[in-house]
Amino acid sequence: ILENAGEAALEVQTVESFLREWLQQKENENTRERYKLVVDRFLSCMGKKSKSLISNISHRDILRFIKSRKDAGLASKTVLVDTKVLGTAFRLAMRLGLSQHNPVDKAQALKPLKSTSSVREPFTPEQVSDLLKAADEEWKTVIMFGYFTGARLQDCAKMQWDDVDFEHSVIMRRNTKSGKDKPLRMSREVTTI
C-alpha cells in the first residue's frame, strides 16, 4: 500500500537478519568472531522466534538466554559479557527505530547480573617442567616464552622477530585480547626449569 502511494516500504527485519547484518559491520575480526558465538547461541536459544521481527523479542527471551548460559555452567563474567554484546545490538535496533525498547535493559532491570572474577594461579616451576617434558621443540619455546613473560600462549605463538626491540630489551606484541600493543618484559627471574 505504501509503495502504491509513492512511499517507501516498511523496513522489516527479523532477529536473525538484523543480528547477522550487525555482525558484518564489525571491522575487527576478533570482535566479530567473539560476537558471532554469542549471536549464534542466542539465535539457537530463540528457536523459531529468531525468524520473527526484532521488535518481538522481550526481556523474557533475554532472561531465558541468560538462564541457558548459566545452566551450561559458564562463569558469571562470561554470561555478563554475552549479555552486554546482545545489549549493544538491541540498543542499535532501538536507535534505528526497529524496536521500541531494549529487551536486555529490561531484563537487567528485573534481574541484574553480578559477576565475580575467577582467580588464576600461575603454573609452578614443577608444572612448567612437566609441560616441557611432554611438548615438542617448537612448543617448548612457546611455553617458556609465556612462562617468563606472562604473555598468552596465542601471543607467544604468533611472535615475530620484528616484535623484538634488542636496543631497548623489550618485546612489543599486540595483545590478542585487548588489541593493544603491549611491551613484554621478563616477569620471572630466569631459572632452570
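## Ground rules

Residues count from 1 along each chain as its sequence is written. The model is predicted, so local features need pLDDT of at least 70 and side-chain atom pairs 80 or more, while totals for chains, interfaces and linings use all residues.

## Helix α1 and its hidden face

Let's start with α1, which spans residues 15–24 (helices are DSSP runs of H or I, at least four residues, numbered from the N terminus). Its buried residues are Val15, Phe18, Leu19, Trp22 and Leu23 (buried means under 20% relative accessible area, with a 1.4 Å probe and protein chains only). Seen down the helix axis, they fall within an arc of 135°, so they line one face of α1 (the arc is that of directions from the axis to the C-beta atoms). An α-helix has 3.6 residues a turn, so residues three or four places apart point the same way.

What covers these buried residues? The cover includes α2 (29–46) and α4 (76–95).

## The second largest pocket

This pocket is lined by 16 residues, and Thr141, Val142, Phe145, Cys156 and Met159 lie nearest its centre. Two elements give two or more residues to the lining: α7 (137–149) and α8 (153–157). The largest share, 7 residues, comes from α7.

## Cysteines

Back to Cys156: at 6% relative accessibility, this residue counts as buried. Cys45, at 22%, counts as partly exposed (that is, between buried and exposed, where exposed is over 50%). A search of the whole structure finds 0 disulfides (pairs of cysteine sulfur atoms within 2.5 Å).

Key. Side-chain values use heavy atoms; hydrogens and water are left out. On a 1 Å grid over the protein atoms alone, a cavity is a set of points where a 1.4 Å probe fits but cannot get out, and a pocket is an open set with protein on both sides within 12 Å along at least five of seven lines; lining residues have an atom within 4 Å of a point. Contact means heavy atoms within 4.5 Å.
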